Amino acid sequence: MEALLLWPALGCYALAGVAAIAGGPQAAGVVRQHAGLALLLTGLALHTLSIATRWQALGHGPFTTLYEILTSNIWSLTLVFALASVRVRALRPTALVVLPLIGVLAAWMLWADAGPGHFPPTYHTALLYIHTALGKLFLGLLLVAVGVSGVIGMRRTAAGAAHFAAMPNDAALGELAFRFAAAAFVFESLMLIAGATWAQDAWGRYWAWDPLETWAFLTWLALAFTLHARASLRQRPGVYGALLGVVFVLAFLTFFGVPFVSLSPHKGAV
Amino acid sequence: MQQPALIAALLARLASTRLTLVLLGVFAAAVAAGYRDESIAPVALTLVFGALALNLLAAVAVRPVFRRHVPLLVVHLALFAVVVLVGLGKLTRLQGRIELTQGVPFDGTLIETDAGPWHRSLLPQAVFLHDGFDIEYAPGLKRGRTRNAVRWIDTAGREQRAVIGDHEPLVLHGYRFYTTPNKGFAPLFTWQPAGARAVVQGAVHLPSYPAQQLQQARAWTLPDGTEVWIKLASEDVLIDPERAGAFQLPRVKDVVVRVGEQRHELRVGDSVELAGGRLHYAGLRTWMGYRVFHDWTLPWLLVASTLAALALGLHFWLRFRQQPWSAVEAAPSRGTGDESGAALVLRAPLES
């Protein structure tokens with residue numbers, strides 16, 4: 001049942017990606033962007049049902065295996081992007097940048113073992129949900145910021161300039177990227193606080209510089225640096241966007257790399 | 001240069017946001033270096049924390065933006081409080097490890113300890129004992145919840161009982177005792193030296209179970225210096241890895257005691273006469289490993305860090321409210337060239 005719902009959801013996401021490619025500044029392109037958003041929302045509804053079905057069958061949420069981490073993050077990243085696109089219409093064309101990144105996770109998920117995982121005793125706490133939700137909000141908002149920054153970068157090319165011609169100017173896009181990155185920073189800070197509180201409860205220490213904690217803190221430092229640099233160096237939107245890209249790479253490695261290669265006790269999902 | 005002017009110039013340099021950027025970069029480098037070589041981490045992080053604290057205080061003192069934006073001031077002061085609290089915590093905290101035999105009170109002695117130089121130990125007052133535990137296992141020997149019954153005498157002299165485990169530590173006199181996956185079986189012995197009436201009681205903590213279920217043996221030195229080797233006689237599989245189960249004592253509680261070339265198999269209640277005295281096997285119990293942690297700064301750290309994050313959120317919210325999202329969206333497109341902000345009036349984000 002879970003797979004029966006997941007595949008159509010992924011199909012909707014893929015079609016939304018096609019609509020993003022077919023979009024553009026003309027009226028027809030804008031209609032395709034709206035259709036893409038509708039497809040994303042439909043895919044999200046199916047994906048939600050798929051995750052809920054698995055949750056009910058296993059008795060725990062998607063927190064334990066690589067497959068579960070990937071499917072829940074595809075869901076949350078898409079959700080944050082879709083909600084942001086509903087609220088801020090100017091974001092809709094950025095689907096061309098955002099959806100391929102989500103597509104990478106979807107392709108990875110299809111290779112992962114979908115079997116059930118063990119729900120550790122340290123996961124029986126409300127802090128699991130608080131920490132995870134804050135982390136997903138952080139990554140989702142950062143992805144939106146990176147999507148906007150990606151448009152600024154792509155407009156350096158002739159094709160990109162033509163495709164995104166109807167979007168606001170780079171200064172306005174830079175401001176949009178800054179707003180989402182700033183919100184991401186707040187949620188990342190709260191995520192680290194919730195994680196430290198959970199670590200104190202689960203392992204009797206709030207911070208031990210294990211690989212996941214170290215990478216998460218480096219990501220926080222990188223985002224703090226990026227926000228401060230925008231304020232003090234008056235960077236061009238392109239430079240600022242590039243820095244946000246670096247932060248996203250760090251965050252991506254922290255979320256999807258470190259937990260699955262680390263041998264320390266704090267291995268995130270494993 | 002006049003002294004006040006010199007101080008003002010120095011403060012201005014210390015308050016530079018460009019210096020903040022440099023220090024954030026150095027901070028990242030210190031974290032990465034400390035991760036690779038733990039020995040340099042305390043010094044490197046202390047230096048960076050100190051420099052950032054100076055930079056932050058100087059900025060608060062001289063930058064008018066902090067007087068115009070109170071939430072931003074709160075963010076920075078709360079961050080400073082976090083730095084101070086982390087430092088104080090390092091100086092005053094204690095972390096360590098104990099192993100406790102079922103039914104035997106904790107005597108304040110740690111197996112491993114890492115205490116700050118300003119820590120004043122109240123551990124001998126944190127007396128408690130554990131009355132056994134229940135641990136469930138999923139197939140594949142995957143550990144489930146731990147429920148550890150403990151009791152202690154409170155300051156009013158009343159006996160208190162609780163069940164701790166996983167997320168619920170026992171907190172006594174500020175010391176937090178957390179159960180760990182480290183636990184096992186503890187044969188209990190009494191030793192009566194030859195010709196003496198006094199009896200000494202002791203327990204042998206066999207290696208952690210089920211992690212080391214095939215090595216349930218341990219060497220032990222008796223009070224007279226005799227080396228003995230203790231082993232559980234039963235080699236039964238107590239937790240079937242193929243199915244769900246629970247930690248349990250073996251049905252057969254016999255132990256093997258080897259002294260040199262001599263081998264004795266003892267049932268509960270049996271004794272063996274050795275050259276220096278009589279060794280009596282009193283029974284088989286469990287032992288539990290606990291992590292001990294004491295840091296009075298914990299609740300204040302939570303308050304300060306949460307305040308910093310929420311104040312930052314409020315600062316951004318107030319700032320973004322001044323220029324609606326719709327105004328940002330409605331900025332004219334006209335290509336990529338307009339990066340100066342001329343087409344869209346952007347306020348300086350974080351500084352004056």
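## Cavities and aromatic contacts

The largest cavity holds about 100 Å³ of space. The model is a predicted one, and a search of the whole structure finds 2 cavities of 30 Å³ or more. Of the 14 residues that line the largest cavity, Gln33(A), Gly36(A), Leu37(A), Arg92(A) and Ala95(A) are the closest to its centre. At least two lining residues come from each of helix H1 (2-22), helix H2 (27-58), helix H3 (66-87) and helix H4 (95-111) of chain A. H2(A) provides the largest share of this lining, 4 residues.

The second largest cavity is lined by residues of both chains: Trp209(A), Thr214(A), Val31(B), Gly34(B), Tyr35(B), Ala41(B) and Leu45(B). In chain B, helix H2 (17-36) and helix H3 (41-62) each supply at least two of its lining residues, and H2(B) gives the most, with 3 residues.

| Cavity | Volume | Lining by class |
|---|---|---|
| Largest cavity | about 100 Å³ | 9 nonpolar, 4 polar and 1 charged residues |
| Second largest cavity | about 40 Å³ | 5 nonpolar, 2 polar and no charged residues |

Trp209(A), which lines the second largest cavity, also belongs to an aromatic cluster with Phe185(A), Trp207(A), Phe217(A), Trp220(A), Phe27(B) and Phe49(B).

Over all chains, the aromatic pairs number 32. One of them is formed by Phe178(A) and Phe316(B), with 6.0 Å centre to centre and 80° between the planes, an edge-to-face arrangement. This pair crosses between chains: Phe178(A) is in helix H7 (residues 170-203) of chain A, and Phe316(B) is in helix H6 (residues 298-322) of chain B. Both Phe178(A) and Phe316(B) are buried.

Phe185(B) and Tyr209(B) form another pair, which is tilted because the ring centres are 4.9 Å apart and the planes stand at 50°. Phe185(B) lies in strand S7 (residues 175-193) of chain B, while Tyr209(B) lies in the loop between strand S8 (200-203) and strand S9 (217-221) of that chain, so the pair ties together parts that are 24 residues apart in sequence. Phe185(B) is buried, at a relative accessible area of 0%; Tyr209(B) is buried too, at 3%.

Charged groups also sit over aromatic rings. In chain A, the charged end of Arg230(A) is placed over the ring of Tyr240(A), 5.3 Å from the ring centre. In chain B, Arg258(B) lies over the face of Trp229(B), at 5.3 Å from the centre of the ring.

Technical notes:
Residues are numbered from 1 along each chain as its sequence is written. Chains are lettered from A and ligands numbered from 1 in the order in which they are written. This is a predicted model: local features need pLDDT of at least 70, side-chain atom pairs count only at pLDDT 80 or more; totals for chains, interfaces and linings use all residues. Side-chain values use heavy atoms; hydrogens and water are left out. Rings of Phe, Tyr and Trp (its six-membered ring) pair if their centres lie within 6.5 Å; planes under 30 degrees apart count as stacked, over 60 as edge-to-face and the rest as tilted. Buried means under 20% relative accessible area, exposed over 50%, partly exposed in between (1.4 Å probe, protein chains only). A charge sits over a ring if NZ of Lys or CZ of Arg is within 6 Å of the ring centre and within 35 degrees of the ring normal. On a 1 Å grid over the protein atoms alone, a cavity is a set of points where a 1.4 Å probe fits but cannot get out, and a pocket is an open set with protein on both sides within 12 Å along at least five of seven lines; lining residues have an atom within 4 Å of a point. Grid points are joined across faces, edges and corners, and a volume is the space filled by probe spheres set on the points. Ala, Val, Leu, Ile, Met, Phe, Trp, Tyr, Cys and Pro count as nonpolar, Asp, Glu, Lys and Arg as charged, and the others, Gly among them, as polar.
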